[in-house]
Amino acid sequence: MTRMKSKWLVLFIVFGLILTACGGGSDDAAEEEVVAEEPAEELDSPATTAAAAEPVADPPSICLVLDIGGLGDLAFNDLAYSGYEKAIEDFGMVGTFLEPDGGGENRGELLELCAEAGNDLIVGNGFLFDAAMNEVAPSYPDINFAITDGVAEPGNVRGMLFKHAEGSFLAGVAAALKTTTNNVGFIGGVDFPLIHEFEQGYLAGVAAINPDITVQIGYASVPPDFSGFNDPVKGKEIALAQYEAGADIIYHAAGGTGTGMFEAAKEVSEATGTKVWGIGVDFDQYYTVGNPLPELQEYILTSMVKAADVSIYNAAKATVEGTFTGGPSVDDLSTGGIYLSYSGGYIDDIKDTLEEYKEKIISGEIVPPSVRP
Amino acid sequence: MKLRLRIASFSAPLVALSIAFGLSSLILLFIGKDPIETFRIMFEYGIKGKSIVSIINRSIPLYISAIAVAVGFKMGLFNIGVEGQYLVASLIAAFVGSQFSIITPIHILFIIIIAVASSAMWAAIAGYLKVKKGIHEVISTIMLNYIGTGLIAYGLTNVFDEAGSDYELPRTPELPESGKMPALNNLFRLEDLQDLHGFLFVAIVVGIFYYWLVWKTTLGFDLRITGANPVAAKFSGINPNRLIIVAMVTSGGFAGLVGLGPLLGYFHRFTIDFPTGLGFAGIAVALLGRNHPFGMGIGALLFAFLERSSQILDLNDVPKEIERMLQAFILLIVVVFYEIIRRFIVKQQVKDASKKVET
């Protein structure tokens, strides 16, 4: 009995010691940190955002809520982040960015957090924010909101839309002109209408050059499973299968999944001795994939760039200058918000043809389809 | 003696909680953040009016999910399939519920029945496989989760998708007004806050029903006896096969209610944004609350509180992931402590008994 007791006593004393040790340690660190960096002071809870209301020394602020997947996808979210970062740099804005942890109620919650913290501009990255925007934006009429790839009803929300089909059409033209096997591929992230815009534009572009070219189409996932935007392993699998089946150029609209496609291109090229290509999306991936992963750079034929970063930058600029307007704003080939990159110089030889098609699309002579027939 | 045992078993969660916070503090210190300030910010944000409503709303499905898991636990049955069961049930209930309109109470009751029935049927597959084919329920329910996800993906896009809508994503038609559960804000005079889900009442009723079922009925007695000693239960005349099916169906039935809080109170339709992961979170809450209706309520509120209050962290340059680690710490330590306490109690009982024999 006594031995039993003493065992427990020792156990509790040890836990007690651990606890006091933690407590003591944190006190010290707390003091150090307050001394070390100022932000600890101003990082109070949003309840004390009264400071933001003071007219003196109130830098404009921007809050970016990313979509699931978060930073590091080398595509959609990183793209938004780079625009946000540039705005902070150029306009001296105070920036905050958040990542949702899944589930629809959370999006609204994060937007609301940003609003309560007194931000001047709040960006929701991705069409999934539309319902949350409708819910939150009306309560904060003085705050500017912006949503990528979607629209929302409230007047203070800017819907930043892109004509993906136009750029994808040019990607299709480039693929059709460059293929030597008359066989090209397309990898979509998730099989749903937004990605069908890329797919249909691409198909039309390929067909405009040579309707006899085979186009293989693959998707990484189907809704409600959105893992297809961040699944490089799956991307590599699909790409390997398409290259194996004769494709020598594949265009992806699959976010982080596309990295796997470039890996597959390298692997196949090295194994067979014949070079195969991948076409990037969103960013100019010759740099965004090619810089961190230089061994993949030479397989990136071109990229269908969608300048969501510029749109976010422009929204920030308008907020700072007081010229922000809500409602849909569409970017396409004519505004320069969508374009095909020439980085690497691999498609310089077909530039004339590409420019020709670009002019035709801008003039309305060609209207690339954006929905499945 | 008895009192000491009671104190020991009640102190376990508290001690576990302190240790978990201690360990998280160490990690925060390690990454150069101030733990006391961090927890203070979390707490301050977590007790604001809006946060409290959000915490209650979050804890409703967590609690029901924990009860669904606990029904199985009571007889030693590990239903990991709550996740798939509630998602399948929510999709079917959302679609069927959107197809007609009658007066609200009947409409909601009907949606509840559909959800419970479809979820129970889905769970029954695992029960059947265990009884007839000897497949362990852990394997079959995990596999059924995958199958369920696939079926939902197919069903949502091809069968239950809102007809004639030009919305980008597949989703079921919206529930008519009569199918939306009224919020409780007027009842509690919460005018300027977001909706407090009316499903709160259902959760409370479910908790009471669970207590009655497990501790006051013959079925509950059979469950508990089988859980405590399967061999003895079998020889006392309990048919284990029948009980497995009944327990699985009951667990699945509860699981069907998990998604209805968010469905009837917020989303009003099944979308790709519908909350997932509640089934797995329920396992954690059931462990934390030791399958007790009150304990699981506390556990659900605690986890909901941590989830909500951690939202503020990213705004303060503290990685939100610390909350996930905190939850995991709490769970691990609690489980270890319950085991220590259990062994302690068993030892004490043996000792007491031997003392009595000696005297």
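Colleague: Where in chain A does Pro223(A) lie?
Modeller: This is a predicted model, in which local features need pLDDT of at least 70 and side-chain atom pairs count only at pLDDT 80 or more, while totals for chains, interfaces and linings use all residues. Residues are numbered from 1 along each chain as its sequence is written, and chains are lettered from A and ligands numbered from 1 in the order in which they are written. Helices (H or I, at least four residues) and strands (E, at least two) are DSSP runs, numbered from the N terminus. Pro223(A) lies in the loop between strand S7 (214-221) and helix H9 (232-244) of chain A.

Colleague: Is Pro223(A) buried or exposed?
Modeller: A residue is buried if 20 or more other C-beta atoms, placed from the backbone, lie within 10 Å of its own, exposed if 12 or fewer, and partly exposed in between. Pro223(A) has 21 C-beta neighbours inside 10 Å, so it counts as buried.

Colleague: Which residues does Pro223(A) touch?
Modeller: Two residues are in contact if their C-beta atoms, placed from the backbone, lie within 7 Å. Leaving out residues up to four places away in sequence, Pro223(A) touches Val190(A), Phe192(A), Ala153(B), Leu156(B), Thr157(B), Leu169(B), Pro170(B) and Ile272(B).

Colleague: How do H4(B) and H6(B) run relative to each other?
Modeller: Axes are lines fitted to C-alpha atoms, for helices over the stretch in contact, and angles run from 0 to 180 degrees between N-to-C directions. Angles under 35 degrees count as roughly parallel, over 145 as roughly antiparallel, 65 to 115 as roughly perpendicular and the rest as oblique. Helix H4 (residues 82-97) of chain B and helix H6 (residues 137-159) of chain B pack at about 20°, with their axes 8 Å apart. That makes the two, H4(B) and H6(B), roughly parallel.

Colleague: And in which hand does H4(B) pass H6(B)?
Modeller: A crossing is left-handed if the near helix is turned anticlockwise from the far one by less than a right angle, and right-handed if clockwise. For H4(B) passing H6(B), the crossing is left-handed.

Colleague: H4(B) also meets H12(B); how are they oriented to each other?
Modeller: The axes of H4(B) and helix H12 (residues 278-288) of chain B come within 7 Å and cross at roughly 135°. H4(B) and H12(B) are therefore oblique.

Colleague: How many residues in the contact of H4(B) with H12(B) are nonpolar?
Modeller: The contact is made by Val82(B), Glu83(B) and Tyr86(B) of H4(B) and Leu278(B), Gly279(B), Phe280(B) and Gly282(B) of H12(B). Ala, Val, Leu, Ile, Met, Phe, Trp, Tyr, Cys and Pro count as nonpolar, Asp, Glu, Lys and Arg as charged, and the others, Gly among them, as polar. By class there are 2 polar residues and 1 charged, and the nonpolar ones number 4.

Colleague: How far apart are the end C-alpha atoms of helix H14 of chain B?
Modeller: The expected span of a helix is 1.5 Å times one less than its number of residues. For the 38 residues of H14 (residues 321-358) of chain B that gives 56 Å, which agrees with the distance between the end C-alpha atoms, 56 Å.

Colleague: Where is Asp317(B) found?
Modeller: Asp317(B) has a positive phi near 65° and is a residue other than glycine. With 13 C-beta neighbours inside 10 Å, Asp317(B) counts as partly exposed. Its place in chain B is the loop between helix H13 (293-309) and H14.
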